[in-house]
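Reader: I would like to go through this model with you before I set anything up. Could we begin with the charged pairs and then move on to the sheets?

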Amino acid sequence: MNFKLLSLAVSGIFIVGVAARAAAVVKVPPGQQKANLAEFNSVPRTGPIAENAEEQTNIRVYEKASPAVVTVDTAKSNGSGTIISPDGMVLTNAHVVSAGGTVNIILSDGRKLVADVVGFGEEGLDLAVVKIRNQNNLPTIPLARAGSVKVGQQAFAIGNPFGRFQGTFTVGIVSRIDAARGLIQTDAAINPGNSGGPLLNSSGELIGVNTSIFTRGQGGGNIGIGFAIVIDKVPAFLSAVREGRAPRVAQRRSPFGNKSPQKVALNGPAVTGKLTDKSSILPADNSFFDLYSFEGKAGQQITIEMKSQEIDPYLILLGPNEREIAQDDNGAGNKNARITVRLPADGTYTLLANSNEARQLGAYTLELKASAPSAPSRAILQEEGALVAGGPVLPSDNSLYREYTFEGRSGQSVSISLESTDFDPYVAIFDPNGKLVAENDDASDSSKNAFLSVNLPATGRYRVIVNAYDASGRGRYNLTIR
């Protein structure tokens, strides 16, 4: 099943079709992913690769460009950026820095410097420039010529995936050019945290600004379909910044265009809708969708079903902060879609009634059912524990962790809550085959406690990793699995 999450910044908002600690994971914001905890799933190492012309090109591009690639870090978001002038102008995505607050730039040599936002893109252009204070003679990356990008050419990405692996270099090709949206599609691996980082040609020139991915599920990982804003969009924006014409405040554009969601009630009558050529278009795959909203309460378990005999239904549920909560293709059988989740917070939830394939037209019905928010669910596991010095640590960041297991069945809806007043909790769940199912840092913008709501993909023993977000985390916690 292809999930339609588009999210690159390790924080920020989920932005359908344009980008998004999401849309942009330093500290991962609510609902975002940490590193993929790959140390729990060992990968065999291959032998040395013989040096050849292709390898020499890779090395040359990385050595030339990487000194000018930086991490862009704010209190609410984390992404990447490209130094484009010796005095410290850094090009990145608007969604990486649009939440406000101090912008910190981490150079490739590890220096941490303060920067100021000096301009945002207009009319939904997901670009921003920040200026590092009191710098000169910094390394830069040159811009490629507008119109020079060709399908099939090599493409190279450098960035800070998941906010934890600064300087990561990946290689691919330009897979497609979406001229209508001004995007380059590439199979060079980009992940949450790469937002705002450079896509380069074999001369080490900037051909695009990485901004979003098409991925599977809530893990947010790369499956070979990434998008970058094409270089053709950049020169005019930079001119506006240098001339003082660029907006100094983020030009927030609704990810749903000008259409307002139709309000629906939980446990109300079934809704009848129809996808037509007048419906909104999901840029990830050019499929049509209708937009709905409803009011939900924390702890409320809901089931949403979308049925049709004319299209292949697809559901996408976003939380109060427009972050992805869940999505489904065939969960109700016969190509019908079903989402069953426990809501993480009070607020307005947004639902996309979508089709699995591009340009599908047809009628559908939508039903939303919910339990009372106060209805308790049976606890599978309740544990009080502590992360203390000397305990096991994750090799990737030396953060402490504890591991718990429980028996689950295929299709079972499970919520996992990890709470602590002593440290910033992080939780992850692995399936019986050792595959990461989901992970979370902050349940919402106002809570550092971690929360997950998932439908288990298989029957067997699951592992839950109780973790501190960084190496400084120590103290007591409460883990509840329902």
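Author: Gladly. A salt bridge here is a side-chain nitrogen of Lys or Arg within 4 Å of a carboxyl oxygen of Asp or Glu. Please keep in mind that this is a predicted model.

Reader: Which residue forms a salt bridge with Glu 305, with the closest N and O atoms 2.7 Å apart?

Author: That residue is Arg 338. The pair links distant parts of the chain, with Glu 305 in strand E17 (residues 301-307) and Arg 338 in strand E20 (residues 337-342), 33 residues apart.

Reader: Is Glu 305 buried or exposed?

Author: Glu 305 counts as buried, because its relative accessibility is 15% and the cut-off for buried is under 20%. Arg 338 is partly exposed, with a relative accessible area of 31%.

Reader: Which Lys side chain meets Glu 305 in a salt bridge?

Author: Lys 307 does, at 3.4 Å from N to O. Lys 307 counts as partly exposed, at 37% relative accessibility.

Reader: How many salt bridges does a search of the whole structure find?

Author: The search finds 10 salt bridges. One of the pairs is Arg 164 with Asp 397, where the closest N and O atoms are 2.2 Å apart.

Reader: Where in the chain are Arg 164 and Asp 397?

Author: They lie in distant parts of the chain, 233 residues apart. Arg 164 is in the loop between strand E7 (154-159) and strand E8 (168-178), whereas Asp 397 is in the loop between E23 and E24. As for accessibility, Arg 164 is partly exposed at 22% relative accessible area, while Asp 397 is buried at 12%.

Reader: Turning to the sheets, what is the strand order of the open sheet that contains E23?

Author: The order is E23-E30-E25-E28, four strands with antiparallel pairing. The edge strands are E23 (381-387) and E28 (450-455), each of which pairs on one side only. The twist from one strand to the next averages 15 degrees.

Reader: How many bridges join E25 to E28?

Author: Six bridges join E28 to strand E25 (residues 413-419), and the two run antiparallel.

Reader: What holds paired strands together in general?

Author: Strands of a sheet pair through backbone hydrogen bonds, either parallel or antiparallel.

Reader: Now the sheet that includes E24: what is its order?

Author: This open sheet of four strands runs E24-E29-E26-E27, with antiparallel pairing. Strand E24 (401-408) and strand E27 (436-440) stand at the edges; each has a single partner strand, so one side of each is left without a neighbour in the sheet. Neighbouring strands of this sheet are turned by 20 degrees against each other on average, direction ignored.

Reader: And which strand is joined to E26 by six bridges?

Author: Strand E29 (residues 460-468) is joined to E26 (residues 425-430) by six bridges, and they run antiparallel. Phe 430 has Arg 463 in E29 as its bridge partner.

Reader: A change of topic: where is Ile 177, and which residues does Ile 177 touch?

Author: Ile 177 is placed in strand E8. Leaving aside residues up to four places away in sequence, Ile 177 touches Val 149, Lys 150, Val 151 and Leu 183. Its relative accessible area is 34%, so Ile 177 is partly exposed.

Reader: Lastly, confidence. What is the average pLDDT of the protein chain?

Author: The average is 83, and 83% of the residues score at least 70. Over residues 1-36, however, the pLDDT is below 50, although this stretch has 238 contacts in the model beyond near neighbours in sequence. Residues 38-47 also have a pLDDT below 50, with 13 such contacts in the model.

How values were computed
Residues numbered from 1 in each chain as written. Predicted model: local features only at pLDDT ≥ 70, side-chain atom pairs only at ≥ 80, totals over all residues. Heavy atoms only, no water. Pairing = 2+ DSSP bridges. Axes fitted to C-alpha atoms, helices over the stretch in contact; angles between N-to-C directions. pLDDT = per-residue confidence, 0-100. Contact = heavy atoms within 4.5 Å. Buried < 20%, exposed > 50% of the residue type's maximum accessible area, 1.4 Å probe, protein only.
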